Amino acid sequence: MRIPCPLCGPRDSREFTPKGAAVFAARPAGEDWSPDWHDYLHLRDNPAGRSEELWFHGGGCAAWLIVERDTVTHAVFGARLAAEAGA
């Protein structure tokens, strides 16, 4: 699988580390442990199909990217810098 890094060009996926969905849930209020914290920390969606994911280009420019890809076919549709997306 090749990922089109906006800074380095198309690169092999082995240069990157996936960090999960590029959807950021709001942190629960308060500092005490609650079921809301459990959900925030441990429950994640695992969609099949087209999704946006956060990837780190550790083997290259060290940029954080939002990669749009299909989780079933592994087809990559594009990537953009996370800093430009406000992530």
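**Terms and their grounds**

Reply: Tyr40 has a relative accessibility of 22%, so Tyr40 counts as partly exposed. The limits that apply are under 20% for buried and over 50% for exposed. Please bear in mind that this is a predicted model.

Me: Why is Trp37 called buried?

Reply: The relative accessible area of Trp37 is 12%. Buried means under 20%, and therefore Trp37 is buried.

Me: How many aromatic pairs are counted, and what makes Phe16 and Trp55 one of them?

Reply: The count comes to three aromatic pairs. The ring centres of Phe16 and Trp55 are 6.4 Å apart, with 75° between the planes. Rings pair when their centres lie within 6.5 Å, and an angle over 60 degrees counts as edge-to-face; therefore Phe16 and Trp55 form an edge-to-face pair. The pair links distant parts of the chain, 39 residues apart: Phe16 lies in the loop between strand 2 (9-12) and strand 3 (17-21), and Trp55 in strand 4 (residues 50-56). Both residues are buried.

Me: Why is the pair of Trp37 and Tyr40 called edge-to-face?

Reply: The planes of the rings of Trp37 and Tyr40 stand at 90° and their centres are 5.6 Å apart, so the pair is edge-to-face. Trp37 and Tyr40 are three residues apart in helix 1 (residues 35-42), which means that about one helical turn separates them.

Me: What makes the charged end of Arg50 count as sitting over the ring of Phe77?

Reply: The charged end of Arg50 is 3.6 Å from the centre of the Phe77 ring. The distance limit is within 6 Å, and the charged end of Arg50 does sit over this ring.

Me: How do you know that Cys8 and Cys61 are in no disulfide?

Reply: For Cys8, the nearest cysteine sulfur is that of Cys61, 3.7 Å away. For Cys61, the nearest cysteine sulfur is that of Cys5, 3.7 Å away. A disulfide requires sulfur atoms within 2.5 Å, and the count of disulfides is accordingly zero. Cys8, at 33% relative accessibility, counts as partly exposed, and Cys61, at 29%, counts as partly exposed.

Me: Which residues make up the largest nonpolar core?

Reply: The eight residues are Ile3, Cys5, Phe16, Trp55, Ala63, Leu65, Val67 and Leu81. Strand 1 and strand 5 (64-70) each supply at least two of this core's residues. In soluble globular proteins, nonpolar side chains tend to be buried together.

Me: Why are Ser51 and Ala22 called buried?

Reply: Ser51 has a relative accessibility of 15% and Ala22 has 14%. Buried means under 20%, so Ser51 counts as buried, and so does Ala22. Ser51 belongs to strand 4; leaving aside neighbours within four places in sequence, Ser51 is in contact with Val67, Glu68, Arg69 and Thr71. Ala22 is in the loop between strand 3 and helix 1.

Notes: Residues numbered from 1 in each chain as written. Predicted model: local features only at pLDDT ≥ 70, side-chain atom pairs only at ≥ 80, totals over all residues. Heavy atoms only, no water. Phe/Tyr/Trp six-rings, centres within 6.5 Å; stacked < 30°, edge-to-face > 60°. Helix = DSSP H or I, 4+ residues; strand = E, 2+ residues; numbered from the N terminus. Buried < 20%, exposed > 50% of the residue type's maximum accessible area, 1.4 Å probe, protein only. Lys NZ or Arg CZ within 6 Å of the ring centre and 35° of its normal. Contact = heavy atoms within 4.5 Å. Core = buried A, V, L, I, M, F, W, Y, C linked by side-chain atoms within 4.5 Å.
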